[in-house]
Amino acid sequence: MDIIYGRNAVKTAIRQGRSIDKLIASKELNDPSVREILALAAQHHIAIVRADRRKLDSLSMPFGHDGRPANHQGVVAVAAAIDYASVDDILALAQQRGEPPFLVILDGITDEGNLGSVIRSAEVLGAHGVIMGKRRSASLSAAAYKASSGAAEMLPVAKVTNLIAAMEELKSKNIWIVGADVEGKDAEQIDLKGAVAIVVGSEGEGLSRLVRENCDFLAKIPMKGKTGSLNAAVAAAVLMYEKTRQDALK
């Protein structure tokens, strides 16, 4: 993560369009300057967290001196380790390669290690990019970057305000949306060839209701063991592999 602290620095970063995952503001402060920054963050669809001042002290401690935190003035912005792409960037990459779009959509993946693992698998298995929502999503932090083994440097990752709207946009471009769900058909029985976006939900809850309802198909991975489920990143990799396997049979 890149930490930006101090009111002027945070305000400038937001206005210049820096990729910011969340703004953390001290819940003890509510003066006009802080309210202005909160309003600016809201206008740019940046997640806002109100926290105890000790949280901000902890985040800014590495930038202080003599065992004291840096002067954060009650606001800290957490920026992505790498700038996010757009959905158009992902589709442009597919066009550049002369291939049908192949995307991975993450619905509520909050673990940064899982995010990095999905990005790594997506790059290896030929996907053109990863899309996730701005809310209830992991950040493209240094931890996620490390877990991706550098794939985050090579594969576009987009963070969108409205996941449903992004799915509808893909549908309008004739891209099938396939959600990972235990109630779906076996993945090998679903035609995954061509332009496809695979949607994977959180480990605890799976796909959210609206995302599930907006999928064209639901696919499941047959299970034989007693555990009952796969890690979200592993499930994503299995479904991505099934798509590449089917594409190879064309």
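Predicted model: local features only at pLDDT ≥ 70, side-chain atom pairs only at ≥ 80, totals over all residues.
Me: Why does the radius of gyration agree with that of a compact globule?
Reply: The radius is taken over C-alpha atoms, and the globule rule is 2.2 Å times the number of residues to the power 0.38. For 250 residues the rule gives a value near 18 Å, and the protein has 20 Å, which agrees. The C-alpha trace spans about 60 × 40 × 30 Å along its principal axes.

Me: What makes β2 and β4 a pair?
Reply: Two strands pair if DSSP finds at least two bridges between them. Five bridges join β2 (residues 20-26) to β4 (residues 75-79), so the two strands, which run antiparallel, qualify as a pair. Within β4, A77 is the bridge partner of L23.

Me: Why are β1 and β3 said to stand at the edges?
Reply: The open sheet has four strands in the order β1-β4-β2-β3, with mixed pairing. β1 (2-5) and β3 (47-51) each have a single partner strand, so one side of each is left without a neighbour in the sheet.

Me: How do you know that helix α3 packs on the sheet, and what angle does its direction make with that of β2?
Reply: Contact means heavy atoms within 4.5 Å. Helix α3 (residues 53-60) touches β1, β2, β3 and β4, and its direction makes about 130° with that of β2. Such angles run from 0 to 180 degrees between N-to-C directions, with axes fitted to C-alpha atoms, for helices over the stretch in contact.

Me: Why is I109 called buried?
Reply: Buried means under 20% relative accessible area, exposed over 50%, and partly exposed in between, with a 1.4 Å probe and protein chains only. I109 has 6%, so I109 is buried. I109 lies in the loop between β5 and α5. A232 is 123 residues away from I109 in sequence, yet the two are 7.9 Å apart in space, C-alpha to C-alpha.

Me: Why does S148 count as buried, and what does its side chain reach?
Reply: The relative accessibility of S148 is 1%, so S148 counts as buried. Its side chain reaches the backbone nitrogen of A152 at 3.2 Å. S148 lies in the loop between α6 (142-147) and β7 (157-160).

Me: What makes a set of residues a nonpolar core, and which members of the largest one touch the most others?
Reply: A nonpolar core is a set of buried Ala, Val, Leu, Ile, Met, Phe, Trp, Tyr and Cys residues joined through side-chain atoms within 4.5 Å. The largest has 37 residues, of which V104, L106, I119, V130, L140 and M240 touch the most other members. The element α9 gives the most to this core, with six residues. Another core lies apart from it and has 21 residues, among them I90, A158, A166 and M167.

Terms used: Residues numbered from 1 in each chain as written. Heavy atoms only, no water. Polar contact = N/O pair within 3.5 Å; in protein donor to acceptor, adjacent residues only side chain to side chain.
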